[in-house]
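Please look through the structure shown here with its sequence. Two regions are taken in turn.

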Amino acid sequence: MSRGWRIDQLPEHIGAQVRVTGWVTHVRSSGKVRFFLVRDGTGELQVVARAGDGGDPLLSQIAALTQETAVAVGGLVQADPRSPGGVELRATELSIIGSSDAYPLSPKEHGIDFLMDHRHLWVRSSRQAAALRIRARIAHAIRAFLDDAGFVLADPPILTPAAAEGTTSLFGVDYFGDPAFLSQSGQLYLEALAMSLGRVYSFGPTFRAEKSKTRRHLMEFWMVEPEIAFCDFEENLEWQERLVSYVVADVLAHRSGDLAVLERDTAALERIEPPFPRISYDEAIERLRAAGFATKWGDDFGSPEETALAGMFDRPVFVHRFPAHQKAFYMQPDPARPEVALAADLLAPEGYGEIVGGSQRIHDRDLLRARLAEHGLDPATYSWYLDLRRYGSVPHSGFGLGLERLVAWIAGLEHVRETIPFPRTLSRVWP
Ligand code: 4AD
Ligand code: MG
């Protein structure tokens, strides 16, 4: 099979004779002219044929095309300002590569369960493909930012012997007779690696057996986790706001067409730049009470509280210094106020909630031991982690950014299930 051209390259080849391969999305005719749309993953192309171009066999071939037929079509690239990409293809030959009979996802509306049952086909729709291209670009931008800033990509294990983020959301695995768990976070390992490499990050799948059925929760999601040696709490926030702003600007620069397919209001993204506002947990409580919530000091914020707080700002907002008892065992208490942790959540605007969680880590061995005990965790299980505090321990900080929540916010998608190719939710592990 000869190599085809990519649809997104065609605007640079007006007047050329080309061959395009892809899938038919739509067929129509008007008088003696037949049209169809073909997509190839890079774009959508209008193909036209007139009686006389390639003879009537071509017209009847086109008339018989069905949705999702795979085709190779040869013809002449012509400028056409009304078409997507500004070009159309005047067809001279057409061959069918793969037929498609009674494609189940017609352009009409389908319910979400039907679409999710057909996720293997739904990914072909223009909106889903746009979301997946945006996801890929965001992943690229995250890596580009961190690589350029001297972070070393280091890959922590996925099969782990102990909890990193609380014992209630672990997925257990039978490890040749011993219990093991799918990773909830690579953080503890990244702390070890930061003591070798200085600045490190991981970017990979993360697992939480959370009984949460919300538009923000997946059982399997992707997290990027930077970890930085000799980094205090404030510097950690600066890395976060710079990373998030870089990613937003990169997507605006490189995926504007896909954002348009998703009808994303990009004005809300254009104002994203550092610094992001910072409010303490205490101030957040005051603001929530003033807004009519009955939240008390010590309470966890749910999604209504997060949405209300984020709605008070036009860019992401850090909420910092949470009550230590709410948070993970490894978080450094504020020396000025030990009842709060040097931890911050970054809340996205427009109701998307927490996209980043981060903190300064405890670097004192005795304090870490005490915190493990308070959390009912066995110090023996964490002996290697305690070792990091024994040999050249230094203040260090890091954070975890949830890729799907970031994609949902940037792309303006209602639910994280459309931000990942095959979502794993409370009720679904199929297809
Ligand atoms: O706040 P979390 O639980 O933080 C940690 O796991 C730290 N160990 C990270 C670190 O400091 N290295 O999770 C971090 C982010 C959240 O802010 C959220 O964006 C995402 O991961 N996240 C989820 N995304 C989708 N579905 C879930 N069930 C998620 N749980 C967390
Ligand atoms: Mg969190």
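What follows covers a strand with its pairing partners and then a pair of packed helices. The model is a predicted one.

Start with strand β16, residues 343-348. Of its 6 residues, 6 are buried, so the strand is largely enclosed by the rest of the structure. Buried here means under 20% relative accessible area. The side chains of Ala343, Asp345 and Leu347 point one way from β16, while those of Ala344, Leu346 and Ala348 point the other way, and all are buried.

Strand β16 has pairing partners to follow. Strand β13 (residues 317-320) runs antiparallel to β16 and is joined to it by 4 bridges; in one of these pairings, Val317 has Leu347 of β16 as its bridge partner. Strand β17 (residues 353-361) also pairs with β16 in the antiparallel sense, over 6 bridges, and its Gly353 stands opposite Ala348. β16 and β17 form a hairpin with 4 residues between them. In that turn, Glu350 has a positive phi of about 60°.

Now turn to the helices. Two packed helices are described by the angle between their axes and the distance between the axes. For helix α4 (residues 126-148) and helix α13 (residues 403-411), the angle is about 120° and the axes lie 10 Å apart. That angle makes α4 oblique to α13, and α4 passes α13 in a right-handed crossing. From α4, the contact is made by Ala131, Ile134, Arg135, Ile138 and Ile142; from α13, by Leu403, Glu404, Leu406, Val407, Ile410 and Ala411. By class, this contact has 9 nonpolar and 2 charged residues, with no polar ones.

Technical notes: Residues are numbered from 1 along each chain as its sequence is written. Chains are lettered from A and ligands numbered from 1 in the order in which they are written. This is a predicted model: local features need pLDDT of at least 70, side-chain atom pairs count only at pLDDT 80 or more; totals for chains, interfaces and linings use all residues. Side-chain values use heavy atoms; hydrogens and water are left out. Axes are lines fitted to C-alpha atoms, for helices over the stretch in contact, and angles run from 0 to 180 degrees between N-to-C directions. Helices (H or I, at least four residues) and strands (E, at least two) are DSSP runs, numbered from the N terminus. Angles under 35 degrees count as roughly parallel, over 145 as roughly antiparallel, 65 to 115 as roughly perpendicular and the rest as oblique. A crossing is left-handed if the near helix is turned anticlockwise from the far one by less than a right angle, and right-handed if clockwise. Contact means heavy atoms within 4.5 Å. Ala, Val, Leu, Ile, Met, Phe, Trp, Tyr, Cys and Pro count as nonpolar, Asp, Glu, Lys and Arg as charged, and the others, Gly among them, as polar. Buried means under 20% relative accessible area, exposed over 50%, partly exposed in between (1.4 Å probe, protein chains only). Two strands pair if DSSP finds at least two bridges between them.
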